Amino acid sequence: MTLLTRIADLVQRLAAEAPRGDRDIVGGTCLYAVYDPVTRRCTMASAGHPPPVLVRLDGTAEAVGISPGPPLALSGMPYETTVIDVEPGSVLALYTDGLIERGDRDMGQGLRRLTEALAASCRPDRALDETGRTLLADLADQPPRDDAALLLARTRAVPAADTAHWDIPADPAAVSEAREWITRRLTMWGLDDLLFTTELIVSELMTNAIRYGRPPMDLRLIRHNVLVCEVTDSSSTQPRLRRARTTDEGGRGLFLVAQLGGRWGCRHGQNGKTIWSEQTIQGSPEATTHQGGSRQSHPQL
């Protein structure tokens, strides 16, 4: 929601600065979706874009009921967030309107045809690239009015045994308790080599949340190809990475997190923000890719 608002502001500014005869062609639509493989939920918001189609494991498919906001070049209405539960192994289909609006067929008819085709073609034992090529060939019976694109994503889930959650008290003394909790959890997972850096990362993130954020706050660890540390609080204040001067007593927390982890970032939700940090797990595919000199991040939908 926040991202779409900022993009819309940028597009509106570009339209205002464009030559008078070109202002009407500056614009676009957008659908933004993020899937959480731990909670198995997908959060999405639309700026005038057609809704995604969800194909379930039982073979049924339907368009997701989202509330689209105005296209990016327009303003005056807020963007709304839609959250849905998604089973592991389901397929989410995102597409442009050129795929469903063809010839004398309206978008409603085109969406129904796409939904039926997805229900028939998306099978668990079939690769998505093959499914996508088949769908595009079947649906392209007439030249499209606009660019036609189709993105298919099959959802996966992180097993419950590979996640851990801890509620953070609004007390600075909780940082030392968190270190003990982290030691037990990482030892159980066989990640003793990450103990030192993880304790430092979590200490810095928790200290910032307790000092500058608002409760409720929580800590989450996720073990996959990487170890992810997340600290969530109820404040929407955007964290800022800066280089502290030698005389400063603080301001080094995020700098340390950035140096100790492979990647870090911040994402905003409806009720606050989450600051996260990744560390490579030795022996994982991610570690092999990184050592080969070509680091690739894991895709998020």
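Residues are numbered from 1 along each chain as its sequence is written, and side-chain values use heavy atoms, with hydrogens and water left out. This is a predicted model, in which local features need pLDDT of at least 70 and side-chain atom pairs count only at pLDDT 80 or more, whereas totals for chains, interfaces and linings use all residues.

The protein has a mean pLDDT of 83, with 84% of its residues at 70 or more. Helices and strands here are DSSP runs, numbered from the N terminus: H or I of at least four residues for helices, E of at least two for strands. Confidence is highest in strand β3 (residues 53-55), at a mean of 96, and lowest in helix α7 (residues 285-291), at 53.

I turn to the interior. A nonpolar core is a set of buried Ala, Val, Leu, Ile, Met, Phe, Trp, Tyr and Cys residues joined through side-chain atoms within 4.5 Å; buried means under 20% relative accessible area, exposed over 50%, and partly exposed in between, with a 1.4 Å probe and protein chains only. The largest such core has 29 residues, and Trp 166, Ile 168, Leu 186, Met 206, Leu 219 and Leu 221 have the most contacts inside it. Two or more residues each come from β8 (163-168), α4 (174-189), α5 (195-212), β9 (217-223), β10 (226-233) and α6 (253-260). A second, separate core of 18 residues includes Val 53, Val 55, Leu 114 and Leu 128.

Which residues of α4 are buried? They are Ala 174, Val 175, Ala 178, Trp 181, Ile 182, Leu 186 and Trp 189. These residues lie on the same side of α4, because they cover an arc of only 125° around the axis, taken from the directions from the helix axis to the C-beta atoms. Their cover includes β8, α5, β9 and β10. On the other side of α4, Glu 180, Arg 184 and Met 188 are exposed. Just after the helix, Gly 190 takes a positive phi of about 75°.

How values were computed
pLDDT = per-residue confidence, 0-100. Contact = heavy atoms within 4.5 Å.
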